[in-house]
Amino acid sequence: MNSSFVDNVRYFRLPTDGKAKVRFEKREGLCRRMASAVDSVCIWPVYAALLLLLWVTWFLIWISASALVISSIGKNLTLVRIPTSVADQVAAYCLDGSDPAYYFRRGKTKKWIIHFPSSELCFSLEQCMRQSDTVSGSTRTIVNSVAANGVLSPDSDLNPDFYDWNVVSLYGCDGGLYTGNEYAEAPSVFNEVYFRGFHILKCVLHWLLDRGLYDAEEVLVTGTGTGAQAVYLHLDFIKESLPFSTSVRGLADSGFIADILNRTNFPQIRTAMQHLYATHKSGKSLDDDCIKAKSPQGENWQCLLPDDSYKFISTPLFVVDSFYNSWSLWFVYNFRCYPNSCQKDIPDLTWYGEEINKRLQQVYQSKRNGAYVTSCFENDFILHNGTWNNPLINGTVLREAFYKWYQWVEEGPGETWTTIGCSSHYSCNPSCDWSPGHFLETTEKFRSQAEFFKAKQ
Ligand SMILES: *[C@@H]1O[C@H](CO)[C@@H](O)[C@H](O)[C@H]1NC(C)=O
Ligand SMILES: *[C@@H]1O[C@H](CO)[C@@H](O)[C@H](O)[C@H]1NC(C)=O
Ligand SMILES: *[C@@H]1O[C@H](CO)[C@@H](O)[C@H](O)[C@H]1NC(C)=O
Ligand SMILES: *[C@@H]1O[C@H](CO)[C@@H](O)[C@H](O)[C@H]1NC(C)=O
């Protein structure tokens, strides 16, 4: 950690001409200045008044906190904001400088789920600047509660193995897969944007350690979409941040991204990850061994890709995905027609499925890790009852396949923990919904979202 954040000293941005990197000035923190002010007013009525004020404030906070707890009884997770004083210690800020936050539900056990939801990424200073004005780059206006289904559900019928766990769902506002490691950059004098994702992760973990996570017996780190990518990148770091005796495992759903060209042979993912790496200064927060392996070729950015970083992960991990993952087909490969109405493109679609299957071989071969890979046009399998509880592959339910793997004690008896569907043709599995209605419903959602990455920004 940067020692300059210790001792109540913060850095303040100095004006620049808008082109150069921002410079910072050290100033004494507010508290130190307050202390000297208080020393000079040594009259007891002032102290009494202050005490009274403190007590009233505390009482008000207590009342509103109780109201929050009462209103959160139900299925939803409730918002918890990290106090500014805590965020300041490691400068853990969203893109716009606001404090990090997460959603939480208290469980009845000493077991925790830490979930990374999918969140929007940004790939350049300008784009991150724009994102900092939205809920994807700021916690200033986010909602007070979110629904929790699938593996996060508190319903013991739908989620019998995890319903009573403590659930933390992180809030992605860093735009950079929690790898950001730069203090701040400002494209103009009037704005600033922070690339502090990795420090958000550190800060929230430390905060949670003081609130029960330290005593956790088991921690399951889950993620969907770009959140699954964060699981691949940070699972080992989370394991190392917890007491040695805590059992830690990962569940990465729909984030197995590989360096595959899009349909006009443009290296879409490669360019996106190179930009992200450069913008967020991701290097220092990625796996050391991976960086060592990639730096001779100058390809450090590859450590952002699960396909490349997978082999460096040492914490047990379960991979969920689809050869025909709906999000990846739409945003990464740019396959955007209903297969039945563009028959001539089906060979491309089949090629893609087989290519993902090839990249996943390293996962299937692991004796420690597990996998559940379908051929369904879906993503975020673990967050929806319809995919979490459904026999999608040869009669095997995802929830059961995952829990069977989760329960093993030592390395399997030569058994591999993989449930793999067919990849020969997009419609090879009758349990997958490839109906026009399902396709339309899914793609309507994507259509309303911003492009994942545009080469020219
Ligand atoms: C739970 O969260 C969902 C989605 O954010 C919201 O629509 C719903 O009103 C919330 N329910 C309660 C009881 O807060
Ligand atoms: C959950 O999914 C299963 C399998 O698809 C289904 O049978 C069940 O009715 C669903 N339950 C709810 C409450 O959605
Ligand atoms: C069922 O499993 C077999 C053997 O692993 C595999 O060849 C087949 O493709 C699977 N079927 C489906 C629908 O995924
Ligand atoms: C591939 O990516 C480039 C750059 O983002 C984009 O211009 C092009 O349209 C993409 N190809 C397809 C088929 O969408």
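## Around the ligands

Ala, Val, Leu, Ile, Met, Phe, Trp, Tyr, Cys and Pro count as nonpolar here, Asp, Glu, Lys and Arg as charged, and the others, Gly among them, as polar. This is a predicted model, where local features need pLDDT of at least 70, side-chain atom pairs count only at pLDDT 80 or more, and totals for chains, interfaces and linings use all residues. Residues are numbered from 1 along each chain as its sequence is written, while chains are lettered from A and ligands numbered from 1 in the order in which they are written.

Take ligand 3: around it sit Ile393, Asn394, Gly421, Cys422 and Asn429, where being near means a C-beta atom, placed from the backbone, within 6 Å. That shell has two nonpolar, three polar and no charged residues. Ligand 2 has Leu158, Asn385, Gly386, Asn389 and Asn390 around it, giving one nonpolar, four polar and no charged residues.

## A covered strand

Now look at strand β12, residues 317-322 (strands are DSSP E runs of at least two residues, numbered from the N terminus). Six of its six residues are buried, meaning that 20 or more other C-beta atoms, placed from the backbone, lie within 10 Å of a residue's own. Leu317, Val319 and Asp321 are on one side, with Phe318, Val320 and Ser322 on the other.

What joins β12 to its partners? Strand β11 (residues 247-253) runs parallel to β12, joined by four bridges, and five bridges link β12 to parallel strand β13 (residues 370-374); pairing takes at least two DSSP bridges. Leucine 251 has phenylalanine 318 as its bridge partner in β12, and valine 319 has alanine 371 in β13.

Notes
Buried ≥ 20, exposed ≤ 12 C-beta atoms within 10 Å, placed from the backbone.
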